[in-house]
Amino acid sequence: MTAQLADIDEITENFSILEDWDDRYRYLIELGRELPPLSAAAHSDANKVQGCASQVWLDTTVRPNGADGPVLHFEVDSDAHIVRGLIAILLTLYSGHTPQQILATDAIAIFNEFGFREHLTPQRSNGLRAMVERIRTDAREALAAAS
């Protein structure tokens, strides 16, 4: 049985409590440690996210959900601890949601509310945007396939 990831409200509350960025980074790394492992087969070139300085793999599964349309589930891994934490937050925002919900969610704005704009290197910020764009592309493709 896999551990349940924190939800976005819990993460937001924890970030508001942690004022020191060293503590916030430790929390981010802890979130990344809670990610379920990604299978060896999913560590493929096809799943590799382009535009990330670290290695990031994103495996997307689209499942039908009746009249509500498809739901996307994401499994992700990275070779960098902080990136795994960023991924954990992205999964709470996007995994298990419909394409419409995914496309209506502005993850970058949420990350900016947490203060990441000032505390991530430009390279890591670009990688975060690349991960979000890949998820949004998968959502657009799932939406097009369902219509």
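In this predicted model, strand S2 is largely enclosed by the rest of the structure, because six of its eight residues are buried. Strand S2, which spans residues 71–78, pairs with strand S1 in the antiparallel sense, and eight bridges join the two. Within this pairing, Leu 58 stands opposite Val 76 of S2.

When neighbours within four places in sequence are left aside, the residues in contact with Ser 78 are Ser 54, Gln 55, Val 56, Trp 57, Val 83, Arg 84 and Ile 87.

At the start of H2, a side-chain oxygen of Asp 20 comes to within 3.2 Å of the backbone nitrogen of Asp 22. The buried residues of this helix are Trp 21, Arg 24, Tyr 27, Leu 28, Leu 31 and Gly 32. Because these residues cover an arc of only 145 degrees around the axis, they lie on the same side of H2. An α-helix has 3.6 residues a turn, so residues three or four places apart point the same way. The buried residues of H2 pack against helices H1, H3, H5 and H6, whereas the face turned away from the buried side carries the exposed residues Arg 26 and Arg 33.

In soluble globular proteins, nonpolar side chains tend to be buried together. The largest nonpolar core of the model has 40 residues, and those with the most contacts inside it are Phe 74, Ile 89, Leu 90, Tyr 94, Phe 111, Phe 116 and Met 131. Two or more residues are given to this core by each of H1, H2, S1, S2, H3, H5 and H7, and H3 gives the most, with 10 residues. For Phe 111, with neighbours within four places in sequence again left aside, the contacts are Leu 86, Ile 89, Leu 90, Leu 93, Phe 116 and Leu 128.

Methods
Residues numbered from 1 in each chain as written. Predicted model: local features only at pLDDT ≥ 70, side-chain atom pairs only at ≥ 80, totals over all residues. Heavy atoms only, no water. Buried < 20%, exposed > 50% of the residue type's maximum accessible area, 1.4 Å probe, protein only. Helix = DSSP H or I, 4+ residues; strand = E, 2+ residues; numbered from the N terminus. Arc of directions from axis to C-beta. Contact = heavy atoms within 4.5 Å. Polar contact = N/O pair within 3.5 Å; in protein donor to acceptor, adjacent residues only side chain to side chain. Core = buried A, V, L, I, M, F, W, Y, C linked by side-chain atoms within 4.5 Å. Pairing = 2+ DSSP bridges.
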